[in-house]
Amino acid sequence: MSSIVHVLLTGGIGSRLWPLSRKSQPKQYLELFNGESLFEKTIIRNRNFADRLLVVGNVDNCHLSQKILLKKDISYVDIVESTPRNTAAAIAFAAFAVDPEDVLLVTPSDHIIENEEAYEVALKEAIGKAEEGYLVTFGVQPTKPETGYGYIEFKNDTVLSFREKPNAVTAKQFIATGNFLWNSGMFCFKAGVFLEELHKYQPEVFEKARATWDSNIQGKLDLELSSVIPSISVDYAVMERSKKIKVVPAAFEWSDLGSFESVYDYLLSTGEIVDANGNMTIGCELPTHFLGLKNVIFVHTPTANLILQKEHSQDVKDIYNQLEKEESKLLD
């Protein structure tokens, strides 16, 4: 009998949340949310819907996942990538690890979701469509012209097109038309159906991922075999090409917390204090005052600070990229 398998993708680094998010402690493991991490919240949110949990991580973060899951006394199947090869391969490994008839509920580990009733409605609809043989993506009703998300153009449950992260003008046009959703990066489908479509549209990814999986040792994947798998997202590999796609327009509140602006908005909604000009401190317990500044975020860590205008949150990745070129230990 088929079962529902929650596939938890944990490979993200959270480069736009540096210096809070580091390679040694990516954003999904930061206990910023009433003492819980996004990783924990994601597991708890999906426990009642899934029969099993499968965690796809990597050699740098699998110990962080294990620590939380042991603390929560949650059993799971561990897949450890030796090198990141993007989401198409990560999901393929999960699909190879289960029965072809099993329904995979694929979620990132670093998103925040509110309104559990609406989430349950969306999940049940998605699982139903997946059991009918469709590849289902979750689209979230946009609340503002966000430039940090991809978009899905839709009509009813049919996907008309996928759109990359737009500029501000295009994002406003998307919102005005009323038939665009944020692309949540969450999916639901039968393992066998996904693998059939991956083989159809990206046979090289399929074959090399299968060879890598076939040689796994207790879920740990070989570095040499993994390195030759093309690095491509599941959107490019399958979702934007398959004829079996359906979208569930979801009513739950969602954020990938991919920038300090989204973290700011979330913390503000939970009662975090800002001054009269909208300035906020994160990670700093010392009294901090802002003069002549508005909507500024001060991020403090023991080894690095960041001061930014909220509206420039997407540009933090430029700092991360520069530090990466310099091979800076501030990323560790």
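Buried residues make up 54% of the 332 residues in this protein chain. Keep in mind that this is a predicted model. The secondary structure comes to 11 helices and 14 strands. The radius of gyration is 20 Å, close to the 20 Å that the globule rule gives for 332 residues, so the chain is as compact as a globular protein of that length. Along its principal axes, the C-alpha trace spans about 60 × 45 × 35 Å. Now contacts between residues at least 6 apart in sequence: 71% of them join residues at least 24 apart.

Next, a helix. Look at α7, residues 203-214. At 1.5 Å a residue, its 12 residues should span 16 Å. The end C-alpha atoms are 16 Å apart, which agrees. Which residues of α7 are buried? They are Val 205, Phe 206, Ala 209, Thr 212 and Trp 213. These residues cover an arc of only 135° around the axis, which puts them on the same side of α7. In general, an α-helix has 3.6 residues a turn, so residues three or four places apart point the same way. And what covers the buried residues of α7? The cover includes strand β3 (77-81) and the helices α3 (86-96), α6 (191-201) and α8 (223-227).

Follow the chain out of α7. Gln 218 lies in the loop between α7 and α8. At 76% relative accessibility, Gln 218 counts as exposed. Its phi is near 50°, a positive value in a residue other than glycine. Most residues other than glycine have a negative phi, and most peptide bonds are trans.

Another positive phi sits in a hairpin. Strands β7 (residues 151-155) and β8 (residues 158-163) run antiparallel, joined by 5 bridges. Phe 154 has Val 159 in β8 as its bridge partner. There are 2 residues between the strands, and Asn 156 there takes a positive phi near 55°. Is Asn 156 buried or exposed? Asn 156 is exposed, with a relative accessible area of 60%.

Now a sheet. Three strands form an open sheet, in the order β12-β13-β14, with mixed pairing. The edge strands are β12 (280-282) and β14 (305-309), and each pairs on one side only. From one strand to the next, the twist averages 15°. Helix α10, residues 260-269, packs on this sheet and touches β12, β13 and β14. The direction of α10 makes about 100° with that of β12. Strand β13, residues 296-300, runs antiparallel to β14, and 5 bridges join the two. As background, strands of a sheet pair through backbone hydrogen bonds, either parallel or antiparallel.

Take Asn 61, in the loop between β2 (52-58) and α2 (62-71). Asn 61 is buried, with a relative accessible area of 2%; the cut-off for buried is under 20%. What does Asn 61 touch, not counting residues up to four places away in sequence? The answer is Thr 10, Gly 11, Gln 28 and Tyr 29.

Last stop, Pro 19. Pro 19 lies in the loop between β1 (4-9) and α1 (38-46). A cis peptide bond joins Trp 18 to Pro 19, with omega about 10°.

Definitions and conventions
Residues numbered from 1 in each chain as written. Predicted model: local features only at pLDDT ≥ 70, side-chain atom pairs only at ≥ 80, totals over all residues. Heavy atoms only, no water. Pairing = 2+ DSSP bridges. Helix = DSSP H or I, 4+ residues; strand = E, 2+ residues; numbered from the N terminus. Axes fitted to C-alpha atoms, helices over the stretch in contact; angles between N-to-C directions. Contact = heavy atoms within 4.5 Å. Expected span 1.5 Å × (residues − 1). Buried < 20%, exposed > 50% of the residue type's maximum accessible area, 1.4 Å probe, protein only. Arc of directions from axis to C-beta. Rg over C-alpha atoms; globule rule 2.2 N^0.38 Å.
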